Amino acid sequence: MNILRIAKKTCRGHAVLIVTALCLLLGGCAGTRVERVMETTAYCGCSSCCSWERGSWRYLKLDFWNRYVSAGPQQGQPYSGLTASGTVPREPAPGLFSMDSVTRPWMIPFRLFPWALLPRDGTIAADTAYYPFGTRMYVPGYGWGRVEDRGGAIKGRDRIDLYFSSHTEALQWGRQELRVRIEYQ
């Protein structure tokens, strides 16, 4: 008699666990996915992309190792190079266990360092009225990125700015209309 009660309780427990898992997976708990065509542009951390200059006229430009904001409401303030959310901008990295390792196997030795094994999201600047900080996006040709910055010219639902580590790469990207996958958190 006791064995039947235990069997009924465990079956009931497994059923509850399965129903809960299905609700979490199908209920949208992990966020919603949307695809839309967006205008993507590129930026880097250089002085022309981020509006900063070396040295201040207050010190007759003798403090050339310091960087200052050269335009906008923060003009003259020290420039830190951080994003609006307070993170260091970065390019996406595919990691060792990715499709990029299959298509470019000569890069595998460089990905065997502990910090390069896992994929890393890049930095995206977007209008935070539509895409709050932490929103993940997949941009074809760029990879996965996370909204961590906002730009002065990035206004509206259909514009994003992708971070590149060099000005040459940013210029090569240019301006493209792409279908972007968006995952809200």
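Two strands count as paired if DSSP finds at least two bridges between them. With that in hand, let us walk through this structure, which is a predicted model.

**Starting with a pair of strands**

Strands E1 and E7 meet this rule, pairing in the parallel sense over five bridges. Along this pairing, Glu-39 stands opposite Arg-159 in E7.

**The overall layout**

The chain is built with four helices and eight strands. Reading from the N terminus, the elements follow the order α-β-α-β-β-α-β-β-β-β-α-β. Six of the strands close into a barrel, in the order E1-E7-E4-E6-E5-E8, and the pairing in this barrel is mixed. From one strand to the next, the twist averages 45°.

| Strands | Sense | Bridges | Residues standing opposite each other |
|---|---|---|---|
| E1 and E7 | parallel | five | Glu-39 and Arg-159 |
| E4 and E6 | parallel | four | Ala-125 and Asp-149 |
| E4 and E7 | antiparallel | three | Ile-124 and Leu-162 |

**A closer look at strand E4**

Strand E4, residues 122-126, pairs with E6 in the parallel sense and with E7 in the antiparallel sense. How many of its five residues are buried? Five of the five are, so the strand is mostly covered, with buried meaning under 20% relative accessible area. In a regular strand the side chains alternate between the two faces of the sheet. Which residues of E4 lie on one side, and which on the other? Gly-122, Ile-124 and Ala-126 are on one side, while Thr-123 and Ala-125 are on the other. Both faces of E4 are covered.

**Aromatic rings**

Next come the ring-bearing residues. The model has six aromatic pairs. One of them joins Tyr-43 and Tyr-163 in an edge-to-face arrangement, with 5.5 Å centre to centre and 70° between the planes. This pair links distant parts of the chain: Tyr-43 belongs to strand E1 (residues 33-43) and Tyr-163 to strand E7 (residues 159-163), 120 residues apart. Tyr-43 and Tyr-163 are both buried.

Tyr-142 and Trp-173 form another edge-to-face pair, with 6.3 Å centre to centre and 70° between the planes. Where do these partners sit in the chain? Tyr-142 is in the loop between strand E5 (136-139) and strand E6 (143-149), and Trp-173 is in helix H4 (residues 167-173), 31 residues apart. Tyr-142 is buried, as is Trp-173. Ring pairs also bring in Phe-164, linking Tyr-142, Phe-164 and Trp-173 into a cluster.

Another ring has a charged neighbour over its face: Arg-136 lies over Trp-144, at 4.2 Å from the ring centre.

**The chain as a whole**

Finally, let us step back. Buried residues make up 30% of the 185 in the chain. Among contacts with a separation of 6 or more, 61% come from residues 24 or more positions apart. The chain exposes about 12300 Å², and carbon and sulfur atoms supply 62% of that area.

Conventions: Residues numbered from 1 in each chain as written. Predicted model: local features only at pLDDT ≥ 70, side-chain atom pairs only at ≥ 80, totals over all residues. Heavy atoms only, no water. Phe/Tyr/Trp six-rings, centres within 6.5 Å; stacked < 30°, edge-to-face > 60°. Helix = DSSP H or I, 4+ residues; strand = E, 2+ residues; numbered from the N terminus. Buried < 20%, exposed > 50% of the residue type's maximum accessible area, 1.4 Å probe, protein only. Lys NZ or Arg CZ within 6 Å of the ring centre and 35° of its normal. Contact = heavy atoms within 4.5 Å. Areas by Shrake-Rupley, 256 points an atom, 1.4 Å probe, with all protein chains shown as cover. Axes fitted to C-alpha atoms, helices over the stretch in contact; angles between N-to-C directions.
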